[in-house]
Amino acid sequence: MKNFDWITPATPEAAVQAAAQAGRAFLGGGTDLLPLMKSGLREPTGVVQLKGLTGMERLELTADGITIGASITLAALCTDTLVQRSLPAVFDAARHAATPLVRNRATVGGNLCQRPRCWYFRHPDYACSKKGGDTCYAIEGENKFHAIFDNTTCNIVHPSNLGPAFWAHDAVVVVLGPKGERRIPVAEFWVRPEEDMRTEVALEPGELITSVSCKPLSGRSGSAFEEVNEKQSYDWGLVACAARLTLDGDKASDVRIVIGAVAPVPLRREAAEAVLNGKVPNEAAAWAAADAAIAGATPLRDNAYKVTMLRACVKNAILTAAARARKS
Amino acid sequence: MADTNKRKLIGTSFRRVDAVGKVSGRTQFADDLSFPRMVFMKLLRSPLPHAQIVSIDTSAAERAPGVVGVLTGSDVPVPFGILPVSHDEHALCPDKVRFVGDPVAAVAALTEEQAQAALALVRVEWKQLDTIADYDDALDASKDLIHTYGDDHNFHKKVSLRFGDPEAGFKQADLVLEDTMFFDGNTHLPLEQHATIAVPEGDGRVAVWSSTQTPHYLHKALTKVLGLPAPWIRVIALTNGGGFGGKSDPFNHEIAAAKMALNLGRPVKITLTREEVFQCHRGRHPTLMSIRTGFRKDGSMTAQHLKTLLDGGAYGSYGVASTYYTGALQTVTYNLPHYQFDGARVWTNKPPCGPKRGHGTPQPRFALEVQLDKAAHALGLDPAAMRLKQLQPKDSITANWLRVGSMGLGPCIEAVMRGSKWLERRNAMPPGRGLGIACSSYLSGAGLPINWNHMPHSGVQLKLDRSGGVAVFCGQTEIGQGSDSILAACVAEILGISLQEIRLCVADTDLTPVDLGSYSSRVTLMMGNAAVQAAERAREILARAAAEELKLPGANIVFADGRVFDAADPARGMSFAAAVQAAESRYGTIGTTGSYTPPRAPGRYRGAGVGPSPAYSYSACIVEVDVDPATGIVRVPDVWIAHDVGRALNPTLVAGQVEGSIYMGIGEALMEESAFRRLPEKLSSALVHKFPNMLEYKSPTFLDMPRVHTSIIEEPDANGPFGAKEVGQGPLLPVMPAVSNAIFHALGVRMDQVPIHPWMVFKALEEKRRGGVGRYGPKAFPAVDYGASLDVPTPAEGGDGKARNADDIGVRGGTMSETQRQSQEKPC
Ligand SMILES: Cc1cc2nc3c(=O)[nH]c(=O)nc-3n(C[C@H](O)[C@H](O)[C@H](O)COP(=O)(O)OP(=O)(O)OC[C@H]3O[C@@H](n4cnc5c(N)ncnc54)[C@H](O)[C@@H]3O)c2cc1C
Ligand code: SF4
């Protein structure tokens with residue numbers, strides 16, 4: 001690892017100013033940035049620490065919904081009763097992520113901006129397309145854990161658990177940049193490889209995520225995040241799904257189904273939502289929605305299993321969300 | 001020997017002697033050491049799997065900032081290896097590299113970063129050779145050779161042994177099953193990365209501090225390569241932060257560091273990166289197996305023909321022994337009257353495989369135990385009861401001439417059946433739940449040393465101080481298993497003193513008598529016997545002196561509670577220190593030695609050296625699985641395991657080894673694999689390790705760990721100290737087949753391969769849905785010419801342990817020493 005400057009601003013504005021200098025990076029918990037630096041994939045000349053910046057560690061109900069400061073840790077998210085009650089999918093997503101040790105450091109902002117786990121991407125020796133080369137090695141190579149949707153250019157899967165969960169709660173990502181504040185609906189926050197190979201998120205250089213606002217549950221509604229893991233800790237999900245629904249009588253309405261770990265960015269499955277809207281969210285309906293959610297999958301040589309797995313995962317997420325809605 | 005009832009330490013869960021050091025962080029591992037003027041070494045490793053080194057230019061690296069020394073293959077031209085029959089490794093490859101990671105140059109610099117940066121300046125010109133990636137490549141006679149010795153072409157070793165008359169056995173069978181199975185390779189994953197510090201001692205001597213399980217063999221390798229008199233080289237093994245077999249070979253980095261230190265006259269340190277640990281490897285051999293067994297209606301076996309094909313990686317390592325081990329222990333659990341074993345190991349351009357916990361035996365054990373389950377199913381028998389009915393009897397000799405002493409597999413099976421409520425619960429499991437059983441056995445130390453000789457396998461020396469302290473010297477190495485504690489306890493027990501009075505000096509080739517090393521589960525039995533002998537000799541001397549001092553000639557002198565006293569009148573006695581003083585006054589300085597040599601094994605055929613042991617441990621294991629057919633995920637909520645350890649010298653340490661084995665077994669059953677892949681053509685097509693880091697190489701965590709219900713079974717063996725047998729490796733073996741058998745019970749699909757991933761479960765389920773058998777596993781076993789078999793009559797046939805046809809068969813291309821011997825015999 002190369003030497004770098006250590007910058008500790010006091011406010012988000014000062015942080016943005018500090019980061020305006022080329023070669024600097026924001027540092028949340030460092031759980032992704034440091035490994036990237038250690039393997040030589042990023043060599044910032046300075047890191048701007050985001051700990052303790054005013055307003056970035058709040059977690060409260062505001063007019064916008066529930067505002068989660070970008071420096072809130074995953075550990076704080078998955079022990080907070082407001083989150084558990086009002087954003088259960090976010091609560092589950094944080095709780096399933098990584099390990100207790102990592103969750104104690106990892107922040108919300110960092111989780112959304114973490115880079116892909118693709119083995120070729122992470123290995124300093126492969127200049128694949130995402131790193132400016134001209135080949136996606138995963139197409140012919142090792143693609144057991146890669147995308148089963150939208151996988152023609154770059155086959156990464158987005159690793160963030162919070163991504164799909166935030167989307168299920170119609171989140172807005174609040175960003176501060178040299179040109180001021182922007183509010184990005186989560187649906188527009190993700191960048192597909194076809195749009196820009198070099199990044200996964202719609203941040204301009206030097207832009208800082210200050211908070212994320214989510215729509216809390218109201219009425220008879222429930223949400224859930226499910227993932228399937230080969231290992232129960234120290235591992236990213238093989239497939240993931242966040243679901244939210246409201247009960248109108250005994251029928252589901254305002255359904256959100258967002259899948260993760262299966263495409264370069266989280267995907268909202270509107271066709272699956274349509275299948276479930278207006279139906280009693282029982283096992284049969286959940287399977288039907290799951291079938292719609294996996295429709296159009298284009299698995300690679302080694303990852304067809306993920307399609308089968310995703311189907312079960314979507315069904316489970318719907319049933320958990322429905323059970324929670326019934327209890328609310 | 002003292003009466004069991006009076007034992008103070010042995011048999012109790014006394015606190016480990018290294019517990020406080022470990023828990024408080026005071027234990028020094030190799031990487032913790034630092035010496036004045038120390039420099040750091042890094043190795044340049046081959047980026048190619050198989051290539052000739054056309055030229056190598058280190059001049060730019062030599063001029064790089066901070067660099068103090070550079071070595072290449074020509075500086076260390078002498079080959080070495082763990083087995084005398086395969087000295088095929090070099091500290092730095094002189095002319096050819098055989099896997100991605102093979103070292104070609106060493107750079108020492110003032111800092112590790114400088115050494116690393118200078119590596120990039122070494123220019124190597126390569127000529128690529130064919131990559132031998134897998135069995136298919138290895139069996140393809142048109143491909144380049146990895147080595148010029150071995151049996152034929154890219155076969156390192158071929159073995160064919162026939163005991164009795166298998167064909168006659170198959171004719172007696174009511175059911176003959178034939179299966180092809182695959183056990184994938186995996187690695188040890190010790191938390192501590194290998195580290196070595198070589199310290200020149202001024203007068204041409206060098207001391208090498210290293211994380212090694214086998215300081216004695218490292219000493220031998222260093223002596224050979226450095227060309228120094230053996231007494232000039234001192235090897236000190238530090239407590240290993242886990243070994244599991246991964247630190248039992250002498251390694252290139254250890255030798256390169258010693259050479260560099262001698263050249264520079266400064267201490268040289270190297271700590272491997274995790275990626276390099278994956279490259280050192282010596283892990284489980286991927287093994288393809290064909291197993292054909294005849295069964296009678298009652299489930300008893302009439303004959304077995306086992307064929308194995310081991311993917312050995314790039315070097316010999318322990319491979320010849322590993323090959324034999326894939327056949328040797330099939331006979332010690334259940335009666336097997338006729339047995340044919342064909343084994344072969346091929347070279348491939350991958351990190352060398354070697355001895356991982358269980359060394360060569362988990363693979364055929366998997367095949368045997370899964371096949372037994374299939375037989376039980378086909379014959380409508382209970383798999384546990386069927387095993388109980390055909391146990392190899394105690395104090396017997398097997399078809400392949402292994403002498404079984406104590407044998408507690410029966411009580412082990414009964415214990416796990418009781419614990420899991422096998423009979424009540426097995427037929428009433430909810431969907432997706434299943435119970436599977438498997439058993440195993442393992443050596444308590446190999447009967448023969450690696451370098452053939454008549455000397456003891458373990459020596460212990462005691463120095464009794466007039467203060468009452470006892471210094472214990474032994475070459476054994478603590479790798480986490482608790483051998484320091486067993487050594488101290490054996491001596492303390494016999495001398496009736498507490499562990500605090502013992503000072504250990506271990507694993508130092510200058511100061512301690514040889515113990516061959518921490519491998520083959522040999523330490524407790526062999527070192528324990530040596531320690532008991534040394535302590536008993538000391539006790540005899542002290543007892544004589546004490547009896548004289550107490551004016552009680554001929555009295556029964558007892559050693560207990562730090563005192564030495566008359567059994568008839570315990571008040572008449574003295575402190576242990578006073579007894580040492582009494583002895584020292586009479587006889588001068590008091591010291592004793594003890595040593596242990598295993599008994600001679602009855603087998604006399606070529607290959608009979610692999611498999612014999614002074615005693616065999618036994619284990620039975622029942623695994624419960626919870627499989628979700630929709631996700632393919634297999635969870636293991638509970639494992640019941642019973643292990644016959646002969647005598648538990650410390651039950652907590654025994655349970656620790658058992659639980660650690662379950663942990664490792666669950667990993668091998670469900671996730672761990674040494675996977676490789678070829679890079680795309682534009683990136684050299686090199687064959688590289690898929691996951692050389694701890695994040696991607698999946699091994700279980702606490703959350704994946706089942707509840708383990710351990711029963712310790714004690715069938716004391718006359719050959720073990722206090723009756724003890726091994727526990728370090730045996731309990732691992734039954735876990736993988738028990739998982740596979742439990743999945744069959746849960747879902748009705750057969751997993752003939754480990755590790756078992758969710759997608760394999762899907763495939764098998766899908767096949768079953770389409771009306772197939774519902775199996776995941778290898779399709780076919782390739783045609784391998786194992787050559788003519790050695791024909792060995794069994795004890796039941798009145799054999800004498802020799803082969804009938806040894807002279808007719810002779811030796812094929814042969815291992816290294818055989819090739820040399822032949823060429824000496826037949827000069828061309
Ligand atoms: C063993 C392990 C397992 C894991 N498993 C999971 C899992 O299952 N699911 C999952 O979702 N994640 C998982 N993770 C990833 C982990 O959640 C992320 O590493 C973490 O959330 C990143 O947060 P951080 O604060 O440490 O980010 P950092 O490492 O500090 O930053 C990551 C990136 O985000 C940028 N950044 C940070 N904060 C901001 C901000 N406010 N505005 C703009 N840019 C910012 C940084 O500059 C950097 O580029 C795992 C990680 C490990 C090590
Ligand atoms: S999937 Fe993306 S990150 Fe991975 S090799 Fe292909 S282009 Fe690179």
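Across all chains of this predicted model, the count of salt bridges comes to 64. One of them joins the side chains of B:Asp508 and B:Arg234, with an N to O distance of 2.5 Å. This pair links distant parts of the chain, since B:Asp508 lies in the loop between strand S21 (502–506) and helix H15 (523–549) of chain B, whereas B:Arg234 belongs to strand S11 of chain B, 274 residues apart. With a relative accessible area of 5%, B:Asp508 falls under the 20% limit and is therefore classed as buried.

A further salt bridge is formed by the side chains of B:Arg647 and B:Glu714, at 3.9 Å from N to O. Here too the pair links distant parts of the chain, with B:Arg647 in the loop between strand S27 (634–644) and H17 of chain B, and B:Glu714 in the loop between strand S30 (707–713) and helix H18 (735–747) of chain B, 67 residues apart. Both partners are partly exposed, B:Arg647 at 23% relative accessibility and B:Glu714 at 36%.

In chain A, the side chains of A:Glu194 and A:Arg192 meet in a salt bridge of 3.6 Å, N to O. A:Glu194 is partly exposed at 39% relative accessibility, and A:Arg192 is likewise partly exposed, with a relative accessible area of 36%. Salt bridges also link A:Asp170, A:Lys215, A:Arg244, A:Asp254 and A:Arg256 into a network.

In chain B, a positive surface patch is formed by B:Arg403, B:Arg600, B:Arg604 and B:Lys802. Of these residues, B:Arg600 is located in the loop between strand S25 (590–596) and strand S26 (616–627) of chain B, and its relative accessible area of 64% places it among the exposed residues. In chain A, a nonpolar surface patch of about 410 Å² is made by A:Met1, A:Phe4, A:Trp6 and A:Leu34.

Turning to the interior, helix H9 (residues 319–328) of chain B is mostly covered, with 10 of its 10 residues buried. Among the buried residues of H9(B) are B:Val320, B:Tyr324 and B:Tyr325, and what covers the buried residues of this helix includes strand S7 (155–163), strand S14 (301–311), strand S15 (339–346), helix H10 (362–379) and strand S18 (433–443) of chain B. Another buried position is B:Ile662, which has 0% relative accessibility and is found in helix H17 (residues 651–670) of chain B. Leaving aside residues up to four places away in sequence, B:Ile662 touches B:Val639, B:Ile641, B:Met705, B:Pro706, B:Val708, B:Pro731 and B:Val735. The C-alpha atoms of B:Ile662 and B:Pro734 are separated by 9.1 Å, although the two residues are 72 residues apart along the chain.

Several backbone features occur in loops. A cis peptide bond, with omega about 0°, joins B:Val754 and B:Pro755, and B:Pro755 is found in the loop between strand S32 (753–754) and helix H19 (758–769) of chain B. A positive phi in a residue other than glycine, near 60°, is seen at A:Tyr234, which is partly exposed at 41% relative accessibility and lies in the loop between strand S9 (221–228) and strand S10 (239–248) of chain A. Phi of B:Phe244 is also positive and near 60°; B:Phe244 is placed in the loop between strand S11 (233–237) and helix H7 (252–264) of chain B and is partly exposed, with a relative accessible area of 31%.

Notes. Residues are numbered from 1 along each chain as its sequence is written. Chains are lettered from A and ligands numbered from 1 in the order in which they are written. This is a predicted model: local features need pLDDT of at least 70, side-chain atom pairs count only at pLDDT 80 or more; totals for chains, interfaces and linings use all residues. Side-chain values use heavy atoms; hydrogens and water are left out. Patches are made of residues with over 30% relative accessible area and no salt bridge: like charges are joined within 9 Å, nonpolar side chains (Val, Leu, Ile, Met, Phe, Trp, Tyr) within 5 Å. Accessible areas come from the Shrake-Rupley method with a 1.4 Å probe; for residues, only the protein chains shown count as cover. A salt bridge is a side-chain nitrogen of Lys or Arg within 4 Å of a carboxyl oxygen of Asp or Glu. Lys and Arg count as positive and Asp and Glu as negative; His and the chain ends are not counted. The place of a charge is taken as NZ of Lys, CZ of Arg, CG of Asp or CD of Glu. Helices (H or I, at least four residues) and strands (E, at least two) are DSSP runs, numbered from the N terminus. Buried means under 20% relative accessible area, exposed over 50%, partly exposed in between (1.4 Å probe, protein chains only). Contact means heavy atoms within 4.5 Å.
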